Amino acid sequence: KATKPPRYKCGISKACPEKHFAFKMASGAANVVGPKICVEDNILMSGVKNNVGRGINVALVNGKTGEPVDTKFFDMWGGGRCLNMECLLVIKQLCILSLSFFLAPFIEFLKSIQDGTIVLMGTYDDGATKLNEEARKLIADLGSTSITNLGFRDNWVFCGGKGIKTKSPFEQHIKNNKDTNKYEGWPEVVEMEGCIPQKQD
């Protein structure tokens with residue numbers, strides 16, 4: 001009788017070493033299936049839990065205990081866009097102002113994350129249109145490398161931390177490219193799994 005292969009937390013492929021938290025995550029699929037974020041066998045965000053949305057989905061986890069702290073999503077598409085029309089410079093300036101107003105809750109949320117918090121992010125549909133330099137820098141400070149060139153309808157998953165001094169090894173990014181897209185208008189889903197070191201005192 002065949003023995004059943006062992007099951008590891010979040011369904012990852014191998015057990016994590018001691019003092020590490022298992023995680024597995026996936027970006028959204030086109031604008032149909034939402035992203036999924038699992039840490040230590042807790043599904044923190046998913047379409048089934050009905051707590052995901054268009055834009056950037058964020059789960060915060062305590063870096064010492066592995067316990068969930070918060071989950072939120074921020075729309076990066078709705079509410080109008082800025083057109084690059086130089087003749088309409090005044091409108092462009094107003095548009096940039098309204099963008100920063102639109103992004104204020106996201107910026108505030110990023111700034112409020114406590115040191116030592118694990119931050120997991122995944123895109124759904126479009127996670128980039130509304131991103132400004134300030135938001136990108138705050139995410140880069142969490143350890144992201146790809147955030148600087150995240151574009152319209154790219155798929156992206158990232159796991160970093162507040163107060164991290166290095167670039168995170170946990171990041172996957174697929175560009176939206178009509179020649180290689182798996183879906184009509186969107187690239188394929190990006191998935192990632194791994195073991196996050198527990199924050200030591």
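1. In this predicted model, C10 and C38 are joined by a disulfide, with 2.0 Å between their sulfur atoms. The S-S torsion of the C10 and C38 pair is about -85°, so this disulfide is left-handed.

2. C10 and C38 are both buried.

3. The search of the whole structure returns 2 disulfides. Besides the pair described above, C16 is linked to C195, with an S to S distance of 2.1 Å. For C16 and C195 the torsion about the S-S bond is about -85°, so a left-handed disulfide is assigned here.

4. C16 lies in the segment before β1 and C195 in strand β9 (residues 191–197), so this pair ties together parts that are 179 residues apart in sequence.

5. How accessible is C16, in terms of relative accessible area? The value for C16 is 21%, which makes the residue partly exposed; the cut-off for buried is under 20%. The assignment of C16 should be read with that cut-off in view.

6. A further cysteine, C159, has a relative accessibility of 2% and therefore counts as buried.

Methods
Residues numbered from 1 in each chain as written. Predicted model: local features only at pLDDT ≥ 70, side-chain atom pairs only at ≥ 80, totals over all residues. Heavy atoms only, no water. Disulfide = S-S within 2.5 Å. Buried < 20%, exposed > 50% of the residue type's maximum accessible area, 1.4 Å probe, protein only. Helix = DSSP H or I, 4+ residues; strand = E, 2+ residues; numbered from the N terminus.
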